Amino acid sequence: MNADETPRLNRRHLLGLEDCSREEIRLILDTADSFKEVIERPIRKVPALRGKNIVNLFFEPSTRTRLSFEIAEKQLSADTLNFTASASSVVKGETLRDTARNIEAMKVDCVVVRHSASGAPLFLSQCLERAVVVNAGDGAHEHPTQGLLDLLTIRDHMGRIEGLRVAIMGDITHSRVARSNIWGLRTMGASLVVCGPPTLIPPDLEATGVEVTHRLEEAIDGADVIYALRIQLERQQGGLFPSLREYARLFGITPERMAHAKPEAIVMHPGPINRGVELDSAVADGSRSVILDQVTNGIAIRMAVLYLLNGGGEREDA
Amino acid sequence: MTASRSILDEKGVSRTLTRMAHEIVERNRGTEQLALVGIRRRGDQLAKRLAAMIREFEGTEVPVGALDINLYRDDFQVRAAQPVVRRSEITFEVEGRIIVLIDDVLFTGRTIRAALDELNDFGRARRIQLGVLINRDGRELPIQADYTGEYVATVPEETVVVLVREIDGEDGVSVERKPT
């Protein structure tokens with residue numbers, strides 16, 4: 001009808017931000033912005049996905065991501081089912097392919113999947129003929145909805161993304177959050193600096209145009225956004241840094257270190273925080289922290305992604 | 001080739017809205033508890049103009065809201081492209097009010113059905129009325145307008161194009177026949 005009603009997602013699944021265009025990301029952020037109004041209503045429910053079945057397939061423990069997706073699904077009036085690895089056939093040795101076939105046979109419309117293996121959502125999407133796949137975190141690969149909610153939070157607070165300097169601190173190697181953020185921020189025109197112990201930074205990262213430093217002050221200096229990653233204690237058996245105490249001393253973000261930052265700089269963290277390790281409590285709960293906004297924006301982003309992927313008839317790429 | 005006939009020009013739109021503004025106040029015996037809610041993207045602009053006119057001749061402020069009905073559509077599953085979802089903005093209490101829904105064109109009635117559902121999620125209005133700039137045949141639901149700017153006889157192949165200066169840079173209404 002009107003020419004201004006044409007933007008759309010040109011994809012069936014959301015597996016990562018690596019191949020998302022600037023226009024697609026902008027459409028998701030703008031749509032999420034509208035959903036933020038829905039979350040504020042007396043009745044926080046719209047009928048947009050009425051009659052759609054969504055399965056949350058979690059092969060790895062997660063509380064907030066699963067909750068956030070579930071709230072988003074319910075507010076869109078979708079029917080949701082939860083499937084967690086320990087309670088499922090996985091313990092009986094069912095393969096992912098068999099799980100996918102069963103999902104298809106049950107006429108599920110959309111699968112939200114978290115898996116410890118990188119690429120599991122991609123594999124699942126190749127097995128499914130009809131259902132839409134949303135990656136809720138796969139191994140050390142990507143966590144696209146986290147990347148998107150971070151982009152939305154940055155845009156909310158800074159008014160733009162392009163031209164900002166974003167510093168990401170911590171374990172880059174094992175972090176899917178870092179990967180999604182790096183892809184998304186690069187596409188949206190931010191400049192990036194990462195900081196952490198050399199053992200936790202992929203060796204070829206500089207080749208992609210990301211600045212690398214091992215001194216925290218250097219990263220914080222001039223940054224508009226300071227993003228602390230969670231030190232994933234469960235992935236640190238290999239002795240990649242000597243001790244948590246040493247990590248906190250060299251890379252922990254404290255009020256003293258924040259003195260190097262721009263006065264308007266914001267502090268972000270994907271949660272859950274190891275207080276006193278990567279982030280001092282005074283910073284996490286301080287006036288620059290936007291950590292709880294990230295959580296609220298997570299619902300709006302997931303509503304937008306589910307709405308955009310589950311709506312409409314034919315797509316150009318279908 | 002697209003054939004086009006003009007229904008209202010800039011002056012015509014202004015005169016029509018002025019009459020509708022008076023009718024709304026007359027029918028409701030004033031502006032007590034009255035609120036206008038426009039349907040995006042052109043109805044909300046018309047609602048703002050009606051409120052400005054009422055302010056002028058009545059000296060009272062009528063609150064104006066906006067609805068984006070895309071999340072309430074019933075053709076969501078069959079449309080090829082997703083429309084851009086914009087914010088709904090209802091900043092006043094809906095409970096107990098007289099709400100006049102404003103849209104540019106009343107055609108199938110499905111947009112109004114969606115708007116009624118959405119409005120209900122904001123609260124229970126005492127009464128809901130409907131005002132449209134253009135009323136054309138083709139209803140698919142039992143819905144009718146309380147205030148009509150202009151009735152236009154059309155055939156199904158025709159499209160009513162409403163331009164408002166806030167979005168399109170000019171005011172005007174025309175009927176276009178799509179090439180088949």
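Residues are numbered from 1 along each chain as its sequence is written, chains are lettered from A and ligands numbered from 1 in the order in which they are written, and side-chain values use heavy atoms, with hydrogens and water left out.

**Exercise 1. Find where the pLDDT of chain A is below 50.**

Step 1: recall that pLDDT is the predictor's confidence in each residue, from 0 to 100. Step 2: take the chain as a whole; chain A averages 90, and 92% of its residues score at least 70. Step 3: look at residues 1-5 of chain A, where the pLDDT is below 50. Residues 313-318 of chain A are also below 50. Where pLDDT is low, the predicted coordinates should not be read in detail.

**Exercise 2. Describe helix α5 of chain A.**

Step 1: helices are DSSP runs (H or I, at least four residues), strands likewise (E, at least two), numbered from the N terminus. Step 2: α5(A) covers residues 144-158 and spans 21 Å from first C-alpha to last, close to the expected 21 Å; the expected span is 1.5 Å times one less than the number of residues. Step 4: after the helix comes G159(A), with a positive phi near 80 degrees.

**Exercise 3. Work out the strand order of the open sheet in chain B.**

Step 1: two strands pair if DSSP finds at least two bridges between them. Step 2: the order is β1-β8-β7, with antiparallel pairing. Step 3: β1 (3-8) and β7 (158-163) of chain B are the edge strands, each pairing on one side only. Step 4: six bridges join β7(B) to β8 (residues 172-177) of chain B; V162(B) has V173(B) as its bridge partner in β8(B).

**Exercise 4. Is T154(B) buried or exposed?**

Step 1: locate T154(B) in the loop between β6 (147-152) and β7 of chain B. Step 2: T154(B) counts as buried because its relative accessibility is 15%. Step 3: its contacts (heavy atoms within 4.5 Å) include R5(B) and V175(B).

Technical notes: Buried < 20%, exposed > 50% of the residue type's maximum accessible area, 1.4 Å probe, protein only. Lists of a residue's contacts leave out its neighbours within four places in sequence.
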